[in-house]
Amino acid sequence: MEPIVVEREIAGRTLRMETGRLAKQADGAVLVTYGETSALCTVVTSDPRPGIDFFPLTVDYRERIYAAGKFPGGFFKREGRPTTKEILTCRLIDRPMRPMFPEGFYDEVLIQVFVLSSDQQNDPDILAFVGAAAAVRISGLPFHHSLGAVRVGYVDGELVVNPTEAQLEYSEMDMVVAGHADAVNMIEVGAAETPENVVIEGISTGHEHIKQIASMIDELHEKAGKEITWEKPEPSAKLDADVRAHVGDRIREARQIPGKLERKAAIKEIRVEAVEKFCPADADEPEFTKDEVAHVLEAIESEVIVDMIMNEDKRSDGRKAHDLREVWCDTDLLPRVHGSALFTRGETQALVVATLGTSRDEQIIDGLTEEYSKKFLLHYTFPPFSVGEVKRVGAVSRREIGHGALAERSLERILPHPDKFPYTIRLASEILESNGSSSMASVCGGTLALMDAGVPIIQPVAGISIGMVHNDSGYKMLVDIIGEEDHFGDMDFKVSGSQRGITGIQLDIKIDGLTMEQIAEAIELARETRMKLLRTMLSTIQRPKADISAYAPRILSIQINPEKIGKVIGPGGKGIRAIEGDSGAKVDIDDDGTITVSSTDLAAAEKAMDMIRAVAEDVQLGRIYEGKVSSVKDFGAFVEVAPGQDGLCHISELSDDFVKKVDDVCAVGDVVRVKVIAIDDQGRIKLSRRQALIEESENGEETDED
């Protein structure tokens, strides 16, 4: 069978989609290629499980290490559990696609993507999304649109669509935009305080290229698409009317209880009573199922929330649409950690702890690209008690990894350069309470914890989530959404940044998409709210502490001639072990000659630095050294002024008085102070104890004769 192929030039490179040759037993399979990067994207579906009341979509993205001509790291030499990058790409694929399936579709769907070839310049995550969208579109599944995605960078003041890895190294912005021909439905951004107008222009530019990709998928669907056979089940009009008559007013009253837990308890009571009435336990064959009743109750709740906001400008907790909840902050909570902060916004609370480490604490990242290390880590934890629930406590969830990654990229661009602050930094965000946008609370708390730890950040950063609801009359944006507004509303538009610009964005929506006007409105509303947050945060701590914690390591660094690295390390590491043993400090050496010394005791770090200088620095003419006599001759004494570097102090230069025998002045092992008076072309060093004594006596310093 000849494969069906669609090709188009996108951002200067050929995007190729092929189906009909590989993985033919899948419901949909597309091999997508861009440059020399290829990914096989498949989708398989099965009938829904009995009693299921949600859409069970699973996305699995894996980077085969052979794709880059490499062996997997580790002992087993086989790919294992998904990496952070793979998990984030799973979420990248899932989030724009999930809302495009129709309500009431509960078939099990599995999307699997294997990266088969990587040129290490075109990131396969965008390719994976495009291929997955194409595979779903041709599979016969009910899917509203042909979706596309692109990456947008900002290099040297110019927007670049699908920048290479090399271009991203110099880009001020890393943006991923997804959507269809009519609207945008997902945005992710990490940026270096990029102005709002540039971000909006980047989204618009990305959307223009998305339209081209969507038209390619439409063409592939016309040539190879399967017929859609699924039909949406019709709900019972009688059940809908009866449930509304029975509990409609009570739900509206319960939805106006200010406290989250009290409101939740009241709604639960109504739900239980309604299910008991319309699905009586003693009935042999009840007219309606519990799921059918639950769906009607869910619809009523959604309508009540939207109606209150649209027609009364009143939210469940009593706020108006653009009101920010009460915010309070605190720092320096924990005595032994390097930095800590507590950020509370309404019923959302994050405790963020900063830890400072050395280069030995950097995280090594091994994947399709060249191995590299990270000096900044942000780990987010969401325990069940934060929402008053009992759940199984297990491994880190995909949600926790995704929220941590959002907060991490929102803060990493405001950190000082390693040359100025050579610490490895870890932030741990512990969510203690949650009712809306705990990831943005982690950003705010992270800024405060960094300043409390004495990290000289470039600018403080804050984040907020903007929501939206709509009805037939229009839509309304919401500031600082709570959990139920996220659940029943149309979007969760998280924006973080400084007073100068945006550092991070994550957009998730439940509707078909947003127009550019709606995106611009949300970004501006986020900017205005961000300024309020920053003022409150800076009233708690105005600037980074002048010094780091007494419990944090002190780090000193020096740059030496790379040719002298071996001399510092010594044969078999003897030299560096001696420095660490004598000083008590840790020493790390980079190939470029950068040596970093760390210790919680500053004196120990300084001692190690002095020892390194003595080994690595060239002996300087005119400088006085304290050295040990290594040998005595009739004509003078040899003194070791630096490890492995001896100089001759002639008998005539041993003292201002007449010296008959060298032994009369010094012996092997004596420590003497000598001045370097000459270095010849062969590097031989001439020393003078006499001149050192004269110079130090004139300066009022103690000499070895005092």
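Helix α14 gives the most to the lining of the second largest pocket, namely five residues. Keep in mind that everything here comes from a predicted model. The pocket itself holds about 600 Å³ of space, and 25 residues line it. If you want to find its middle, look for D610, A614, V641, A642 and P643, which lie nearest the centre.

The largest cavity has a volume of about 160 Å³, and its lining is made up of 14 residues. Y34, D123, I126, L127 and N162 are the ones nearest its centre. Which element supplies the largest share of that lining? That would be α2, with three residues. At least two residues each come from β2 (13-19), α2 (124-138) and β7 (148-155). Sorted by class, the lining of the largest cavity has nine nonpolar residues, two polar ones and three charged ones.

Helix α2 also turns up in a helix pair, so let's stay with it. Two packed helices are described by the angle between their axes and the distance between the axes. The partner of α2 here is α1, residues 84-97; the two axes come within 10 Å and cross at roughly 40°. An angle of that kind makes α1 oblique to α2, and the crossing of α1 past α2 is right-handed. On the α1 side, the contact is made by K85, T89, L92, I93, P96 and M97. On the α2 side, you'll find D125, A128, F129, A132, A133 and V136. Nine residues of this contact are nonpolar, one is polar and two are charged.

Next, head for helix α11, which covers residues 516-540. Start with its pairing with α4, residues 196-224: these axes come within 11 Å and cross at roughly 155°. Why do α4 and α11 count as roughly antiparallel? Because angles over 145 degrees are put in that class, α4 and α11 are roughly antiparallel to each other. Helix α4 passes α11 in a right-handed crossing. From α4, the residues in contact are E196, V199, I200, I203 and S204. They meet M516, I519, A520, I523, R527 and R530 of α11. By class, the contact of α4 with α11 has seven nonpolar residues, one polar and three charged.

Helix α11 has a contact with α9 as well, which runs over residues 438-452. The axes of α9 and α11 come within 11 Å, with a crossing angle of roughly 30°. The two helices are therefore roughly parallel to each other, and α9 passes α11 in a right-handed crossing. Here C444, T447, L448 and M451 of α9 meet L533, M537 and L538 of α11. The contact of α9 with α11 has six nonpolar residues, one polar and no charged ones.

Notes. Residues are numbered from 1 along each chain as its sequence is written. This is a predicted model: local features need pLDDT of at least 70, side-chain atom pairs count only at pLDDT 80 or more; totals for chains, interfaces and linings use all residues. Side-chain values use heavy atoms; hydrogens and water are left out. On a 1 Å grid over the protein atoms alone, a cavity is a set of points where a 1.4 Å probe fits but cannot get out, and a pocket is an open set with protein on both sides within 12 Å along at least five of seven lines; lining residues have an atom within 4 Å of a point. Grid points are joined across faces, edges and corners, and a volume is the space filled by probe spheres set on the points. Helices (H or I, at least four residues) and strands (E, at least two) are DSSP runs, numbered from the N terminus. Ala, Val, Leu, Ile, Met, Phe, Trp, Tyr, Cys and Pro count as nonpolar, Asp, Glu, Lys and Arg as charged, and the others, Gly among them, as polar. Axes are lines fitted to C-alpha atoms, for helices over the stretch in contact, and angles run from 0 to 180 degrees between N-to-C directions. Angles under 35 degrees count as roughly parallel, over 145 as roughly antiparallel, 65 to 115 as roughly perpendicular and the rest as oblique. A crossing is left-handed if the near helix is turned anticlockwise from the far one by less than a right angle, and right-handed if clockwise. Contact means heavy atoms within 4.5 Å.
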